[in-house]
Amino acid sequence: TVEEDADERLNDYTRIKEHPEEINLIKTGFKHIDEAIIGWGYGSENIVCGRKGDGKSTMLLNLGYYLWKQNKNILFYSLEIDKKQYERRWDARAALVSSKGLKSGQLSEEEEKTYKEYINNLKNHKDMFGKPVGSVYIVDCPSNVTPSFVSAKTEEIEKKTGIVYDVVIVDYMGIMNANMPTGVIRDDLGSIALDLK
């Protein structure tokens, strides 16, 4: 019962109060979310929902960026946007330059200088300001992958890179296949969400 372990919960609270540095949560970088939930715990699954064109991919890219800036290692599975386009969007966000300019080769002189500086810093796991950052790995994969594929591929990439990724972002689960499809969209999406966790 809640009464039986009440003292344990009070002790947990006191420990956190006295040692806030031990709180192991991941900040999202989005002020309103972080104020509401303080941050995400390791092992949690968070699903971003919205209509087509609402900015889900942009939100996930920005989430990855904020986590990368916190020295977290990020693994992106891009099922809809090809890897080159995702990398260009990442570079534009991280270097604070125009994505359109990167795509067309039309950066201003100042942006080009900034972009080159960012690329040089990135090779040393630093952001454009010289601060340490995590590692980002983007997987370009077909839309009909399954959670089992994501799991096996993550394990393969972690072995290959020697990095345990703090966060795995799948963009997006709505175009994935369930490990064991039922043909009922709602059930398949529920199965995908459960299997991704």
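These legends accompany close-up views of a predicted model.

**View 1. Helix H7 and its buried face.** Helix H7 runs through residues 147-161. Look for Pro147, Val150, Thr154 and Ile157, the buried residues of H7. Seen down the helix axis, these buried residues fall within an arc of 85°, so they line one face of H7. Their cover includes strands S3 (74-78), S4 (136-140) and S5 (167-171), along with helix H8 (185-196).

**View 2. The other side of H7, and what comes after.** Here Lys159 and Lys160 are exposed. Gly162 follows H7 and has a positive phi, near 75°.

**View 3. Tyr65 and its ring partners.** The whole structure holds nine aromatic pairs. In one of them, Tyr65 and Trp68 have ring centres 5.9 Å apart and planes at 40°, so this pair is tilted. Both residues belong to helix H3 (residues 56-69), three residues apart, or about one turn of the helix. Tyr65 is buried at 7% relative accessible area, and Trp68 is buried at 1%. Tyr65 also pairs with Trp90: the centres are 6.3 Å apart and the planes at 65°, so the pair is edge-to-face. Because Trp90 lies in helix H4 (residues 83-95), this pair ties H3 to a part 25 residues away in sequence. Trp90 is buried too, with a relative accessible area of 5%.

View 4. Ring pairs join Phe30, Tyr65, Tyr66, Trp68, Phe76, Tyr86 and Trp90 into a cluster. The charged end of Arg93 sits over the ring of Tyr65, 3.9 Å from its centre. Arg93 also lies over the face of Tyr66, at 5.5 Å from that ring centre.

Conventions:
Residues are numbered from 1 along each chain as its sequence is written. This is a predicted model: local features need pLDDT of at least 70, side-chain atom pairs count only at pLDDT 80 or more; totals for chains, interfaces and linings use all residues. Side-chain values use heavy atoms; hydrogens and water are left out. Helices (H or I, at least four residues) and strands (E, at least two) are DSSP runs, numbered from the N terminus. The expected span of a helix is 1.5 Å times one less than its number of residues. Buried means under 20% relative accessible area, exposed over 50%, partly exposed in between (1.4 Å probe, protein chains only). The arc is that of the directions from the helix axis to the C-beta atoms. Contact means heavy atoms within 4.5 Å. Rings of Phe, Tyr and Trp (its six-membered ring) pair if their centres lie within 6.5 Å; planes under 30 degrees apart count as stacked, over 60 as edge-to-face and the rest as tilted. A charge sits over a ring if NZ of Lys or CZ of Arg is within 6 Å of the ring centre and within 35 degrees of the ring normal.
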